[in-house]
Amino acid sequence: MGLTETETSEDREYTFEDLSVVMGTYNEAEAIGTVLADIDDVTDGAAEVVCVDGSTDATPEIAREHGARVIEQEPQGYGVAVREAVLSASRPIVVTTDCDDTYPMDRLPDFLAAINRGYDVVSGDRLYHGAETMPALNRFGNEAFAVMASALMGKRVHDTTTGMRAYRSEVVEKIEWTENTGLSAELLIRPLMRGYDVRELPIEYRERKGETKLDPFKGGAEIAKSIIKVSLEERFR
Ligand SMILES: Nc1nc2c(ncn2[C@@H]2O[C@H](COP(=O)(O)OP(=O)(O)OP(=O)(O)O)[C@@H](O)[C@H]2O)c(=O)[nH]1
Ligand SMILES: [Mg+2]
């Protein structure tokens, strides 16, 4: 018997062997070594790591030294890289992160535990603890995006633009992803509105190492547009 659209295979206990940690990497030589060493430590080297890389610095060499699979791609924005990364993962549980040392890799066991409790998507909520390390403009924008997305979906969410989430691979494979800068919001909104089991997990958020790749005004406008477009598409689909 086949699975209906939002039914997923929840009948087994996943371990770090079942985990792919994936990320877009764009000139992150200052941070990538720490991020990949943290993943290695917490998973005992068992997780697959996939980097979709557009760098001109030493990022891809450092990634390969740490045993990551590196897929080279011209830099075309966050979402183009992260979509390629999630679709290239070969394990049944996919975790996205940024490669700038902002996200707590030591919380990977908690993300996996939530998946093992039956959730299809586990979304890191950076705003729960106040996100003091986030630039004030970004924090205000992220709070506003969450309020806007919640109103459009009719379901309260607290952090729509987080880079750290875990997904059952069938969720990312079954849905068609269309957004670029707004991909992170899309990766939360479409599964939620299709009835997948989604939960937010409060996480710590650190100050970024290296330079941002995001223009807060241009990027913010793109994210707002994606939230409206994707919510309306899902509502009327
Ligand atoms: N391959 C690739 N990776 C990208 C591209 N743009 C951004 N990234 C990566 O995507 C992740 C998110 O970009 P960030 O610059 O951290 O954006 P942000 O998290 O919104 O902003 P800050 O962390 O506050 O600077 C990082 O790991 C970047 O290296 C791109 O065009 N190509
Ligand atoms: Mg970042």
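Me: How many helices and strands does the protein have?
Reply: Helices (H or I, at least four residues) and strands (E, at least two) are DSSP runs, numbered from the N terminus. Here the protein has 8 helices and 7 strands. This is a predicted model, in which local features need pLDDT of at least 70 and side-chain atom pairs count only at pLDDT 80 or more, while totals for chains, interfaces and linings use all residues. Residues are numbered from 1 along each chain as its sequence is written, and chains are lettered from A and ligands numbered from 1 in the order in which they are written.

Me: What does the radius of gyration say about the protein?
Reply: The radius of gyration is taken over C-alpha atoms, and the globule rule is 2.2 Å times the number of residues to the power 0.38. For 237 residues a compact globule would have a value near 18 Å, and the protein has 17 Å, which agrees. Along the principal axes, its C-alpha atoms fill a box of roughly 45 × 45 × 35 Å.

Me: How much of the protein counts as buried?
Reply: A residue is buried if 20 or more other C-beta atoms lie within 10 Å of its own, exposed if 12 or fewer, and partly exposed in between; the C-beta atoms are placed from the backbone. In the protein, 46% of the 237 residues count as buried.

Me: In what order do the strands lie in the sheet?
Reply: Two strands pair if DSSP finds at least two bridges between them. The 7 strands form an open sheet in the order S3-S2-S1-S4-S6-S5-S7, with mixed pairing. Strand S3 (69–72) and strand S7 (198–202) are the edge strands, each pairing on one side only. From one strand to the next, the twist averages 20°.

Me: Which strands run parallel, and which pair in the antiparallel sense?
Reply: Strand S1 (residues 19–25) and strand S2 (residues 48–53) run parallel and are joined by 6 bridges. In S2, Val52 is the bridge partner of Gly24. S4 and S6 pair in the antiparallel sense over 4 bridges, and Arg168 in S6 is the bridge partner of Ile93. S5 and S6 also pair in the antiparallel sense, over 3 bridges; Ser123 stands opposite Arg165 in S6.

Me: Which way do the residues of S6 point?
Reply: In a regular strand the side chains alternate between the two faces of the sheet. From S6, Arg165 and Tyr167 point one way, Ala166 and Arg168 point the other way, and all are buried.

Me: Where does helix H3 pack?
Reply: Axes are lines fitted to C-alpha atoms, for helices over the stretch in contact, and angles run from 0 to 180 degrees between N-to-C directions. Two residues are in contact if their C-beta atoms, placed from the backbone, lie within 7 Å. Helix H3 (residues 78–88) packs on the sheet, touching S1, S2, S3 and strand S4 (93–96), and its direction makes about 160° with that of S1. Helix H7 (residues 183–193) lies across strand S5 (121–125), strand S6 (165–168) and S7, running at about 140° to S7.

Me: Why is H3 largely enclosed by the rest of the structure?
Reply: H3 is largely enclosed because 8 of its 11 residues are buried. Among them are Tyr78, Val82 and Arg83. The buried residues of H3 pack against S1, S2, S4, helix H6 (169–174) and H7.

Me: What surrounds ligand 1?
Reply: A residue is near a molecule or strand if its C-beta atom, placed from the backbone, lies within 6 Å of it. Ligand 1 is surrounded by 24 residues, and the closest are Gly24, Pro75, Ala81, Thr212 and Lys213. S1, S2 and H3 are the elements that give two or more residues to this shell; S1 gives the most, with 3 residues.

Me: Where is Gln73, and what does it touch?
Reply: Gln73 is found in the loop between S3 and H3. It is partly exposed, with 16 other C-beta atoms within 10 Å. Not counting residues up to four places away in sequence, Gln73 touches Val52, Asp53, Gly54, Ala81 and Glu84. Gly54, in turn, is found in the loop between S2 and helix H2 (59–65). Gly54 counts as partly exposed, with 19 C-beta neighbours inside 10 Å.
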